[in-house]
Amino acid sequence: MGTRRIQVGCEFVHLAEVETPVVFHVQPVESADVAVKLHRWRSRPPIAIREYADMYGNPGVRGVLPAGRSSFRYSAVAAVPDATEEADGQAPECAPDTLPDDTLIYTLPSRYCLSDVLGDEAWSRFGGLPPGYGRVQAICDHVHSHLTFQYGSTTALSTAADVNVAGCGVCRDFSHLAISFCRALNIPARYVFGYLPDLDVPPDPAPMDFAAWMEVWLGDRWWTFDPRNNTRRKGRIVIGRGRDALDVAMATTFGGPLLESLTVQAEEATGSCSTCMPSGHP
């Protein structure tokens, strides 16, 4: 299998009244399939950062935003397989008492994934379907058709139950709803956040943004599902995994600075593949 190089990066511009501690989750997770190199952190004015790993093992950095306007940039190059993620229509669901211990947390309700609130609907819609990979795909099909993608339609307080009623949301809301339905059926499902370039698909005319999808435990491993795009894709680069978006927020500030702008880059690298982000784009 060949590989392709993806230039990833982002820039946050904040305006803070006072010095404000911050945590950024923007660095890709390295794995057997994804190699990341040429990491570069830049800030203006200079911000001292220190690396850390959260309770899920996701890499992050901590720092303090200065009073006034500041910019924080990250860039890297990731080598990814030139293939869509794997799928197995025969992958079975596992009975709760046979699930690995570390998957059990992903069967429970969480801040945004209200599987208890949505339990009756989950069982009425999907309980009669044959268990396994096909049932999870049916959940994704339903969420994909039920929700309309619309920027600004939800807030930081919107739960999967809210989105289910409203019928619209952004990619994280699609994932939250599908995760909630899976968990209601005792299928472990976790939230995934990362970069998703337009590799071998029609380019999205909207500005590049971070992406969210989910992983579901079937058989003896996690499988990737994407209720927002509802198709297998190339080039997914994971930043973090957790119960929902609360666990892997791209930026967590311990105060109330204004986020003036956010730009994201995830595109195939060409030429010398410099890690310097073009002016006006991370």
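Residues are numbered from 1 along each chain as its sequence is written, and side-chain values use heavy atoms, with hydrogens and water left out. Because the model is predicted, local features need pLDDT of at least 70 and side-chain atom pairs count only at pLDDT 80 or more, whereas totals for chains, interfaces and linings use all residues.

Helices (H or I, at least four residues) and strands (E, at least two) are DSSP runs, numbered from the N terminus. Strand β1 runs antiparallel to β6, to which it is joined by 14 bridges, and T3 stands opposite P81 in β6. Two strands count as paired if DSSP finds at least two bridges between them. Strand β1 also runs antiparallel to β14, here with ten bridges, and V13 stands opposite S261 in β14.

Another pairing involves β10 (residues 211–218) and β11, which are antiparallel over five bridges. M214 faces F225 of β11 across this pairing. The two strands form a hairpin with two residues between them, and G219 in the turn has a positive phi of about 65°. Four of the five residues of β11 (residues 221–225) are buried, so this strand is largely enclosed by the rest of the structure.

The pockets come next. Rolling a probe the size of a water molecule over the atoms shows where empty space is left. On a 1 Å grid over the protein atoms alone, a pocket is an open set of points with protein on both sides within 12 Å along at least five of seven lines, unlike a cavity, where a 1.4 Å probe fits but cannot get out; lining residues have an atom within 4 Å of a point. Grid points are joined across faces, edges and corners, and a volume is the space filled by probe spheres set on the points.

The largest pocket holds about 800 Å³ of space. Its lining comprises 30 residues, of which V170, R172, D209, M250 and L262 are the closest to the centre. Helix α4 (171–184) and strands β9 (189–195), β10 and β14 (258–268) each supply at least two lining residues, and β14 gives the most, with five. By class, this lining has 20 nonpolar, eight polar and two charged residues. Ala, Val, Leu, Ile, Met, Phe, Trp, Tyr, Cys and Pro count as nonpolar, Asp, Glu, Lys and Arg as charged, and the others, Gly among them, as polar.

The second largest pocket has a volume of about 620 Å³. Among its 24 lining residues, D33, E85, E86, T224 and R236 are the closest to the centre. Strands β6 (68–81), β10, β11 and β12 (237–242) give two or more residues each, and β11 gives the most, with four. This lining has ten nonpolar, four polar and ten charged residues.

A cis peptide bond, with omega about -5°, joins R44 and P45; P45 lies in the loop between β3 (35–44) and β4 (50–53). D200, in the loop between β9 and β10, has a positive phi of about 60° although it is not a glycine. D200 is exposed, with a relative accessible area of 53%. N230, in the loop between β11 and β12, has a positive phi near 55° and is likewise not a glycine. At 22% relative accessibility, N230 is partly exposed.

Key. Buried < 20%, exposed > 50% of the residue type's maximum accessible area, 1.4 Å probe, protein only.
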